[in-house]
Amino acid sequence: MLLSLGAKLLQLFFAMRSEICSRQAVQSKTKELPYHRDTERVYFSIFNKVFIERPYFYKQGVGHKPH
């Protein structure tokens with residue numbers, strides 16, 4: 001029961017962090033990445049798997065290295 005409570009509290013923590021995270025475009029020295037969507041991830045913790053959502057920033061052709 002304690003592990004279940006820990007997992008729920010951890011998931012709540014991540015949900016609150018995601019909620020307050022800015023969705024404004026991310027600016028690096030040379031490029032800008034606009035907010036694309038929220039994406040779900042699995043976080044493995046001592047409490048078991050926790051499913052979290054986080055903002056995802058993307059621009060086609062940025063961050064991919066040519067082969």
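Helices (H or I, at least four residues) and strands (E, at least two) are DSSP runs, numbered from the N terminus. The model is predicted: local features need pLDDT of at least 70, side-chain atom pairs count only at pLDDT 80 or more, and totals for chains, interfaces and linings use all residues. Residues are numbered from 1 along each chain as its sequence is written, and side-chain values use heavy atoms, with hydrogens and water left out.

**Exercise 1.** Determine the secondary structure of the protein and its order along the sequence.

Solution. Step two: along the sequence, the pattern reads α-β-β-β-β. Step three: the radius of gyration (taken over C-alpha atoms) is 16 Å, well over the 11 Å that the globule rule (2.2 Å times the number of residues to the power 0.38) gives for 67 residues, so the protein is more spread out than a compact globule. Step four: along the principal axes, the C-alpha atoms fill a box of roughly 50 × 30 × 20 Å.

**Exercise 2.** Decide whether Thr 39 is buried or exposed, and list its contacts.

Solution. Step one: Thr 39 belongs to strand β3, residues 35-45. Step two: the classes are buried (under 20% relative accessible area), exposed (over 50%) and partly exposed in between, with a 1.4 Å probe and protein chains only. Step three: Thr 39 counts as buried because its relative accessible area is 10%. Of the 67 residues of the protein, 13% are buried. Step four: with neighbours within four places in sequence set aside, Thr 39 is in contact (heavy atoms within 4.5 Å) with Ile 52, Glu 53, Arg 54 and Tyr 56.

**Exercise 3.** Carry out the analysis for Leu 3.

Solution. Step one: Leu 3 is part of helix α1, residues 2-20. Step two: Leu 3 has a relative accessible area of 52%, and is therefore exposed. Step three: beyond residues up to four places away in sequence, Leu 3 touches Ile 46 and Phe 47. Step four: Leu 3 and Glu 53, 50 residues apart in sequence, are 21 Å apart in space, C-alpha to C-alpha.

**Exercise 4.** How many aromatic pairs does the structure hold?

Solution. Step one: rings of Phe, Tyr and Trp (its six-membered ring) pair if their centres lie within 6.5 Å; planes under 30 degrees apart count as stacked, over 60 as edge-to-face and the rest as tilted. Step two: the structure holds four aromatic pairs. Step three: Tyr 56 and Tyr 58 form a stacked pair, 6.2 Å centre to centre with 10 degrees between the planes. Step four: Tyr 56 is partly exposed at 25% relative accessibility, and Tyr 58 is partly exposed at 29%. Step five: ring pairs also link Phe 13, Phe 14 and Tyr 43 into a cluster.
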